[in-house]
Amino acid sequence: MAVLGFDNLSGEPAQSYLSDGLSEQLIDSLTQVQRLRVAARVSAFSFRGGHATIDQIAHALNVGVVLAGSVHRIGNRVAVTAQLTNALTGFNIWSRTYDRDQKEIMTVQSDIALAVVRSMQLPTSEADQIKLALGGTSNSAAYDAYLRGMNYRRNAHILRDYKAALAEFDRALAIDPGFALAYAKRAITLVAVQALGANSTLAEQHLIQTARTAADRAVALAPMSGAAHSARGAVLGHLMLDKLGAFDEQAKAIALAPGNASIESNYASAALALGHVDEAVAAARRAADLDPLDPNFWGQMGQILYEGHRYHEALEALDRERAVAGALPLRHRVLQALVLLMSGQAQAARTMCASGSDWQENQLLALADQALGHQAAAEADLAKVRAALGNDAASNYAEIYAQWGRKAEALHWFDRAVRSRSPGLLDVRLDPLLDPIRDEPQFKASLARLDQG
C-alpha cells in the first residue's frame, strides 16, 4: 500500500509539519505489520497535490491500496480525514473524519493505522495493536515537538537544521522522558551531525557518547521497535565502527519492521561493512523497491555495487539515480567517475571531475592523472586534497598511495587511519582502491586491530 502525504488544509504553510508528520508516522507504524508492504515517504509524498489518478499512483509505486487524507487545524481543534482506496477497482474501502481536540492528535494516528489494518482484513491481535503505537507518546505537547523535529530533520541540509531538529527532540523528551522514538531520532540525527565533520576531537567524543546513550535508551524503552534497534545499529556502525554490533542491531530491526525502506537501507550498509555484498545488494534493492522515486536509495545501491566490484551494475544504478533526481549530487558524480576509473576508463573519469572544485574531485583527479601517466599533475591534485583536509583524511591518502603503487606510504596512512578510528574505514573490507595493499601482512594486522576495537 501507499500512504500519500496528507494535505494541509489549515491555510498556513507553517502547519504542514503536522500533516507531513502524521503521514510519515502512519507509514512507520504500518511498516511494522508483517504482511503489509508500505511504499516509503519520498515516493508516496511525490504525488501529493498533483493530478495523478489512483491507478497511475498504484502503477508507479506497485501498490494495490492507497491511503490519502487531509489535516485541518482550527484553534484547539484538529480535523483529520482519511480514505483508503482499492487501486485495482477504484472503490473506497474505508473512510472516516476524526474531529478531535489537538491534545488527542497522537491517538488519531494509532486509530487510523488500526482501522487500515482491519479494513484490509489483516489479522490483528492485542500485541499487534500495541505495536502500531510502539515507541510513541501519550503527551500531545511531546508529540507536537517530535513532529516539528522530524520536519527539521526531513528538510535538513546544514548543521543549523540538524541542531534545530535536536532542540525539538530534546523538548519532546523533556516533556515525556519515556518517548522512545524521540530518543531514536535524536541518535540518528547525531549520526548525521558527525558526518558533517565539523567537530573537534573532544566534541566528537561527547557526540558519540550522547548518541549511544540516546540509542540505548530508545531500545530500553521500546525493545520491540525496529526504529530503536536501527538507530542503535547506526550509532554502533557509523560512530563506533562496531561492525558486528551494528549488523546484529540492523538484523533485529529488519525482523521487527520488514517493510521499512530506511531500515532496509541501514541493514544494507551494515551488511556491506562485513563484506556481505549479495546480502547488501538485496536489501538495497528492497529499499529502492519500497521508495523507487527516492534517488538516495539508487545512489546507495551504486555505492554497494561499486564496492562489490560490480562496475557495470553500479553504473546502471547511478543512471537510475540520475533519471529520478535529474542530476547526480557531487559525491555520486565522483562515485561514477571512480567506477569508470576502475573499469579502465581513466580519461572519461577525469573529464567528469575536471573542475576540481572540491576535495572529492581532486582525489579522483589524483587517481586519474596518475593512471594516465601525468604524475606531476597527480601530485598537484594530491596537494589540493592535503590543503583541504590536512592530516585528518588518513584513509583517503591510503587509497591514493595504494593506487599509485607506493605501498609503504599507503600502509603508513592506513595504519594511521586505524589508530584514529577514521569513519572512512567503515567499508574498508571491500574498498576497491585499497586492493593493491589488501594482501600485505601490515594491512591485515591493521585490519585486525580495527576489528578488535
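Which residue in S4 is the bridge partner of Ile74? It's Arg77, and I'll start from there.

A quick note before we go on. What you see is a predicted model, with residues numbered from 1 along each chain as its sequence is written. Local features need pLDDT of at least 70, side-chain atom pairs count only at pLDDT 80 or more, totals for chains, interfaces and linings use all residues, and side-chain values use heavy atoms, leaving out hydrogens and water.

Okay, strands. Strand S3 covers residues 65-74 and strand S4 covers residues 77-86, and the two pair in the antiparallel sense over 10 bridges. When I say strands, I mean DSSP runs of E with at least two residues, while helices are runs of H or I with at least four residues, both numbered from the N terminus. Two strands pair if DSSP finds at least two bridges between them. The hairpin of S3 and S4 has two residues between the strands, and Gly75 there takes a positive phi near 60 degrees.

On we go to strand S5, residues 92-101, which pairs with S4 in the antiparallel sense over nine bridges. Here Arg77 turns up again: its bridge partner in S5 is Asp101. Thr81, for its part, stands opposite Thr97 in S5. S4 and S5 also form a hairpin, this time with five residues between them, and Gly90 in the turn has a positive phi of about 80 degrees.

Now for the helices. H8 (residues 180-195) and H10 (residues 226-239) pack at an angle of about 25 degrees, with their axes 9 Å apart. That angle makes H8 roughly parallel to H10. The axes are lines fitted to C-alpha atoms, for helices over the stretch in contact, and angles run from 0 to 180 degrees between N-to-C directions. Under 35 degrees counts as roughly parallel, over 145 as roughly antiparallel, 65 to 115 as roughly perpendicular, and the rest as oblique. H8 passes H10 in a left-handed crossing, meaning the near helix is turned anticlockwise from the far one by less than a right angle; clockwise would be right-handed. Among the residues making the contact are Leu181, Ile188 and Val191 of H8 and Ala231, Val235 and Leu239 of H10. Contact here is heavy atoms within 4.5 Å. The residues of this contact divide into 11 nonpolar, two polar and no charged. For those classes, Ala, Val, Leu, Ile, Met, Phe, Trp, Tyr, Cys and Pro are nonpolar, Asp, Glu, Lys and Arg are charged, and the others, Gly among them, are polar.

Next pair: H13 (residues 277-290) and H14 (residues 295-307), at about 170 degrees with axes 9 Å apart. That makes H13 roughly antiparallel to H14, and their crossing is left-handed. Residues that meet include Val281 and Arg285 in H13, and Trp298 and Met301 in H14.

Last stop, H20 and H21. They pack at about 160 degrees, axes 8 Å apart, which makes H20 roughly antiparallel to H21. By class, their contact has nine nonpolar, one polar and two charged residues.

And which aromatic pair sits there? The structure holds seven aromatic pairs, and one of them is Tyr397 with Trp413, edge-to-face at 4.9 Å centre to centre and 70 degrees between the planes. Tyr397 lies in H20 (residues 394-404) and Trp413 in H21 (residues 407-419), so the pair ties together parts 16 residues apart in sequence. Rings of Phe, Tyr and Trp (its six-membered ring) pair if their centres lie within 6.5 Å, with planes under 30 degrees apart called stacked, over 60 edge-to-face, and the rest tilted.
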